[in-house]
Amino acid sequence: MNLVKNRVVGIHPIFYMTILLVAQWISSSALAENMQQKGFDIAARSDRSDRGFSDSEVKMTMVLQNAAGKKATRTLRLKTLEIPNESVGDKSLILFSTPKDIEGTALLSHAKMLESDDQWLYLPALKRVKRISSKNKSGPFVGSEFAFEDFTASELNKFKYEYLRQESCGVLICDVVERAPLYENSGYTKQIVWVDSIEYQLRVIEFYDRKGSLLKELRLKDYRLYKNKYWRPHLLTMKNLQTKKNSDLVYGEYKFKVGLSNSDFLKGRLSSLR
Amino acid sequence: MVISLFKAAFLAFVWVLFLPELSHAASVNKKLDVSGKVALQFRGFTQDALWSNQNSSDTEYSFAGELEVRWSSHDGNQQVSFIPFVRWDENDKKRSHYDLREAYWSYKSDDVKLLLGVNKVFWGVTESAHLVDIINQTDLVENTDQEDKLGQPMANLAFQKDWGLLNFYLLPYFRERSFSGEEGRFRTQIPANFDDAKYESGSKRRHLDFAFRYSHYFGEVDLGLHYFKGTSRDPRLENSFDNLNIFLKYDQIEQIGLDLQYTKDAWLWKLEALVRDGYDKSIFATVAGLEYTFYQIFEGVSDIGVLIEYQYDNRPAYEAVTTADNDMFIGTRWTSNNMQDGSVLAGVIVDKKTSETFYNIEAKTRFKENIVLELEVRLTTQSGLDEPSYAYSQDDYVQLQINRFF
């Protein structure tokens with residue numbers, strides 16, 4: 001009896017510890033998986049709230065400001081074609097109107113999900129169409145604090161997600177999710193995004209650079225509802241916390257379903273845009 | 001008289017330069033868009049002119065202006081473009097010239113587009129030479145880099161398919177290359193006789209040229225193929241019987257060519273090649289090379305690219321002159337990626353046989369919203385007496401240009 005008991009007691013702690021460790025590992029990995037799934041679900045809910053917009057066109061003004069407060073502006077027009085397939089990115093065309101010396105310059109992008117995008121630049125002075133390396137998606141876009149990836153790479157499958165917490169963000173309650181880029185050539189190790197729990201729209205994004213330090217903070221404001229379904233922010237404020245430079249992106253009125261199709265986003269169209 | 005007029009023009013330019021903004025409103029989506037630029041250019045030559053009768057001054061001022069009027073119909077299917085250009089040069093009467101860069105009407109419907117009128121077309125991928133770019137004649141008097149082109153009258157029919165872009169061109173009127181006059185720099189010892197160019201074709205400049213181009217991309221490869229039959233854009237130099245005059249002779253040629261770019265990560269691999277039949281034996285020419293860019297160098301925002309290209313051309317000396325026969329180009333491109341959009345392109349082209357070396361620096365930066373400053377430096381060393389570029393060997397220069405866009 002004693003022997004048995006002793007034996008049981010003798011074995012028990014190891015056995016118990018093992019059980020405990022396994023159980024803990026299972027539950028913690030389940031929890032981690034849970035957190036990843038929850039993060040993904042929040043991002044997916046946000047991404048899918050935008051489904052079916054088909055195509056859109058919008059004018060934008062970009063206001064650049066350096067640390068000394070000196071300002072410069074660029075005006076551009078963005079045309080986007082939604083590609084319903086979630087494993088392929090959207091197509092976009094950016095046309096510059098000012099500064100006057102780059103008027104007519106155009107940038108055509110065929111976004112991919114994880115590989116590099118296909119991009120062509122049209123230079124009106126030479127009337128030259130140039131295929132460019134899309135490795136540079138993390139560099140400054142026309143001298144601003146926005147990188148090209150900042151306003152094109154919000155597609156669901158470009159990131160892996162981790163749910164962090166829920167907290168208030170202004171008058172709203174936000175889910176806070178960490179996302180890490182899975183696509184090539186990103187300039188970021190991770191981003192922290194605040195997604196509100198009512199309209200599921202992005203409110204704040206923090207960008208962490210390749211060294212893991214906080215680099216920039218983007219605030220997305222002035223959301224307006226189109227066609228009773230599609231929310232669009234009309235003011236994006238990007239602050240570079242390391243250089244103290246900032247850039248604002250002010251959107252005009254969006255136009256949806258303007259009849260754009262694949263053929264408007266072909267390389268061959270670039271030389272006859274205007 | 002000319003000088004005082006010039007001073008008046010200078011004052012007018014300064015006035016335009018600091019003219020307040022008429023309107024900051026974005027002109028996107030406007031059906032009629034009028035814009036343009038005026039530019040003041042200063043060239044300082046580092047050596048005395050080589051040939052007699054060239055202007056003895058080592059400096060040269062000139063003004064240029066370009067107006068752009070664009071109209072598009074409400075549905076966007078019809079477009080009209082009108083772009084006149086004018087330059088007024090202090091020293092060289094031939095460099096004072098005007099041209100219609102564009103003056104066309106176009107109509108597009110689904111995947112077909114028809115364009116009638118004067119237009120400019122660019123083909124190609126390489127940087128040190130533009131080998132396959134044949135539609136437009138070079139406006140050589142503007143700049144010896146051959147990137148300025150004269151407007152070309154054409155009927156252009158284009159078909160955009162999923163599998164590529166097809167372009168057909170009928171070119172009913174030939175533009176002769178512009179050259180410096182007797183007082184100007186960049187000329188041969190005996191100035192070429194422009195006003196009496198010779199043609200192989202009996203219809204002279206009214207010969208109907210034809211061109212076709214297919215272009216598309218396949219994954220990371222961008223491809224262009226072309227065919228051209230008509231008047232060569234490159235004139236041959238022919239001496240008159242008494243050797244007192246040089247004539248320009250424009251032959252009939254037939255050409256096929258290829259341009260190719262492979263884009264992978266920060267690498268651009270480039271190739272242009274052509275085979276041309278014309279005056280004598282077939283000519284084969286190619287420019288091939290690469291460009292690699294280091295992005296956001298030194299943890300900053302600027303980029304530096306490295307460019308290497310090899311130029312080869314097997315044409316005999318009695319053909320139209322080319323300097324790109326067996327040459328290496330090594331260059332670097334820096335872009336500031338900041339508010340001013342500054343950039344510097346610096347390169348050197350070395351002839352592998354003669355060691356003749358050409359240095360080129362082009363830099364520019366935006367100064368305020370609508371003013372762009374440009375610097376250009378061109379130097380040639382080791383020009384042998386028997387080299388075609390010997391004629392220009394005393395024409396090294398530094399150029400400053402201030403552009404006001406409106």
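## Strand pairing in chain B

B:F42 stands opposite B:Y61, a residue of β2(B). These residues belong to a predicted model, in which local features need pLDDT of at least 70 and side-chain atom pairs count only at pLDDT 80 or more, while totals for chains, interfaces and linings use all residues. Residues are numbered from 1 along each chain as its sequence is written, and chains are lettered from A and ligands numbered from 1 in the order in which they are written.

Strand β1 (residues 32-45) of chain B pairs with β2(B) in the antiparallel sense over 13 bridges; two strands pair if DSSP finds at least two bridges between them. Strand β1(B) is also joined by 9 bridges to strand β21 (residues 397-405) of chain B, again antiparallel. In that pairing, B:L40 stands opposite B:I402 in β21(B).

## Overall form of chain B

Chain B has 1 helix and 21 strands. Helices (H or I, at least four residues) and strands (E, at least two) are DSSP runs, numbered from the N terminus. The radius of gyration of chain B is 22 Å, close to the 22 Å that the globule rule gives for 406 residues, so chain B is as compact as a globular protein of that length. The radius is taken over C-alpha atoms, and the rule is 2.2 Å times the number of residues to the power 0.38.

The C-alpha atoms of chain B fill a box of roughly 60 × 50 × 50 Å along the principal axes. Of its 406 residues, 33% count as buried, meaning that 20 or more other C-beta atoms lie within 10 Å of the residue's own, with C-beta atoms placed from the backbone (12 or fewer is exposed, in between is partly exposed).

## Overall form of chain A

Chain A comes to 1 helix and 14 strands. Its radius of gyration is 24 Å, well over the 19 Å from the globule rule for 274 residues, so chain A is more spread out than a compact globule. The box filled by its C-alpha atoms is roughly 95 × 45 × 40 Å, taken along the principal axes. Of the 274 residues, 36% count as buried.

A contact requires C-beta atoms, placed from the backbone, within 7 Å.

## Nonpolar cores

A nonpolar core is a set of buried Ala, Val, Leu, Ile, Met, Phe, Trp, Tyr and Cys residues joined through C-beta atoms within 7 Å. The largest has 44 residues, of which A:A106, A:L108 and A:V195 touch the most other members. Strand β3 (residues 88-98) of chain A gives the largest share, 4 residues. A second, separate core of 16 residues includes B:V132, B:M154, B:Y169 and B:A285.

A:L270 is found in the segment after β14 (255-256) of chain A. A:L270 counts as buried because 22 other C-beta atoms lie within 10 Å. Beyond four places in sequence, A:L270 touches A:A106, A:L108, A:W120, A:Y122 and A:V129.

## The A–B interface

In the contact between the chains, 38 residues of chain B meet 29 residues of chain A. On the chain B side, β2 (59-72), β9 (209-218) and β13 (252-264) each supply at least two residues.

Terms used. Contact = placed C-beta atoms within 7 Å.
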